[in-house]
Amino acid sequence: MKIKMVVIVVTGRGGAGKTTLTSNLSVYFAKNKYRTLAVDGDLYLPKLGLHFGIDFPRYNIHSLLRDPALKVENAIYRHKTGVHLIPGSTKLQDIINVPASRLRRVIGDVMNEFSVTIVDSPTGIPFDTLHIFELADYQIIVIEVERSPIYSFETMVKNEVIKLKTLGDLFGLNVAVVLNKVRESSRDISGIIEFLEGDMGVPVIGVIPFDNRVPHSVNIGVPILKYKPRASVSKRCD
């Protein structure tokens, strides 16, 4: 079946696993024979390339934004997982005053060559990627339950989800939530899902367990879905 979709991955707080989800979701689609592009849309703290072992790409999303004459294909790298990737630059001189408004045109020019395009957005309100929300179909909000204080969980999550969901609704996106880094000792997950889906009206499409092998997979530049495909965390992503 042929599909064509653009997904934006967002979160309200750093460390929730947004970039890890982006990389593994990209591997999932590539593994299932969909031509997949992952884009680092976090223009000021780009990390997606590191998840695929690309530390210092000569050409990157910043190159494309700064040089309109540069061909997009020069900044696309094909990882051994089958994922095509446009990484960001980690050099400070490339990041300062980058023309983020050109991001929509860059993505718009290349997205039609892929069945699935997944964009890793910055933490919080994704001002860097607002320009491409008009191109997107889906918005995934990543929430880490473990680091949310018990006494204010509902308030914190409600504040986070409402803002991001409102943004997605504004652009007519299909909005969903993924609960990430869920430990066995975590609070009642079924209650959290009921709260999000019942009170907040946002479907929970994934509950991903905590796995201490994930940081190692990031360190070696191979997403966990490829590195340890039989791990419980990989089965939840698959």
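Visitor: Which residues does proline 99 touch, leaving out those up to four places away in sequence?

Guide: In this predicted model, proline 99 touches Leu65 and Arg66 once residues up to four places away in sequence are set aside. Proline 99 and proline 68 are 31 residues apart in sequence, and their C-alpha atoms are 11 Å apart in space.

Visitor: Why is proline 99 classed as partly exposed?

Guide: A residue is called buried under 20% relative accessible area and exposed over 50%, with partly exposed in between. Proline 99 is partly exposed because its relative accessible area is 28%.

Visitor: What share of the 238 residues in the chain is buried?

Guide: Buried residues account for 54% of the 238 residues. The accessible surface of the chain is about 11,500 Å², and 51% of that surface belongs to carbon and sulfur atoms.

Visitor: How many helices and strands does the chain have, and how compact is it?

Guide: The chain contains 10 helices and 8 strands. Its radius of gyration is 17 Å, close to the 18 Å given by the globule rule for 238 residues, so the chain is as compact as a globular protein of that length.

Visitor: Among contacts between residues at least 6 apart in sequence, what percentage joins residues at least 24 apart?

Guide: Of those contacts in the chain, 77% join residues at least 24 apart.

Key
Residues are numbered from 1 along each chain as its sequence is written. This is a predicted model: local features need pLDDT of at least 70, side-chain atom pairs count only at pLDDT 80 or more; totals for chains, interfaces and linings use all residues. Side-chain values use heavy atoms; hydrogens and water are left out. Buried means under 20% relative accessible area, exposed over 50%, partly exposed in between (1.4 Å probe, protein chains only). Contact means heavy atoms within 4.5 Å. Helices (H or I, at least four residues) and strands (E, at least two) are DSSP runs, numbered from the N terminus. The radius of gyration is taken over C-alpha atoms; the globule rule is 2.2 Å times the number of residues to the power 0.38. Accessible areas come from the Shrake-Rupley method with a 1.4 Å probe; for residues, only the protein chains shown count as cover.
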